[in-house]
Amino acid sequence: MDKLQLTGLRVRAIIGTLPHERTTRQTLILSADLYSDFSAAEASDDFHDTFDYAAVEKFLHDFTADSSYQLLEALAGNLANGVLKEFPLIAGITLRISKPSAPRYAECVTIEVSRGRVS
């Protein structure tokens, strides 16, 4: 299985359980490992034999920016499942979402979820 990585996607979103988090957008940083078989694209050098990573990037951004989850767990799981639903050539995804404003002493808190297609 081959992997394409998208890293450092910054998105402003409503996320969190505290009252101020429900009204003020916060910066989230997303990274995704996207798994697929690139052998057809390798052989053909044809854009139609792979997925459009710019479209995946836009999907990740727009889904997150338009969301209003309380929990990173809910956002991450629903976003990963949405990618698999929207992009049939992606066989699996490992998605990381960092919330720099969450911890008091650490640089950020990051959640990681992995999802794959059931055969």
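Predicted model: local features only at pLDDT ≥ 70, side-chain atom pairs only at ≥ 80, totals over all residues.
**Entry 1: Leucine 95.** Setting aside residues up to four places away in sequence, I find leucine 95 touching Ser31, Ala32, Leu60, Ala76, Leu79, Ala80, Ile111, Glu112 and Val113.

**Entry 2: The core.** I next turned to the largest nonpolar core, which has 29 residues. Leu95 is listed with Leu34, Leu60 and Ile97 as having the most contacts inside it. I then noted which elements give two or more residues to this core: the strands β1 (2-15), β2 (26-36), β4 (92-99) and β5 (109-116), together with the helices α2 (53-65) and α3 (72-86). The most comes from α3, which gives seven residues.

**Entry 3: Aromatic pairs.** I counted three aromatic pairs. For phenylalanine 38 and phenylalanine 51, I read a centre distance of 6.0 Å and planes at 45 degrees, so I recorded this pair as tilted. Phenylalanine 38 lies in the loop between β2 and α1 (39-44), and phenylalanine 51 in the loop between α1 and α2, 13 residues apart.

**Entry 4: Phenylalanine 59 and phenylalanine 87.** I recorded this aromatic pair as edge-to-face, at 5.9 Å centre to centre with 85 degrees between the planes. The pair links distant parts of the chain, 28 residues apart: phenylalanine 59 belongs to helix α2, and phenylalanine 87 to the loop between α3 and β4. I checked burial as well, and both phenylalanine 59 and phenylalanine 87 are buried. Finally, I noted that Phe59 and Phe87 form one aromatic cluster with Phe63.

Notes
Residues numbered from 1 in each chain as written. Heavy atoms only, no water. Core = buried A, V, L, I, M, F, W, Y, C linked by side-chain atoms within 4.5 Å. Buried < 20%, exposed > 50% of the residue type's maximum accessible area, 1.4 Å probe, protein only. Helix = DSSP H or I, 4+ residues; strand = E, 2+ residues; numbered from the N terminus. Contact = heavy atoms within 4.5 Å. Phe/Tyr/Trp six-rings, centres within 6.5 Å; stacked < 30°, edge-to-face > 60°.
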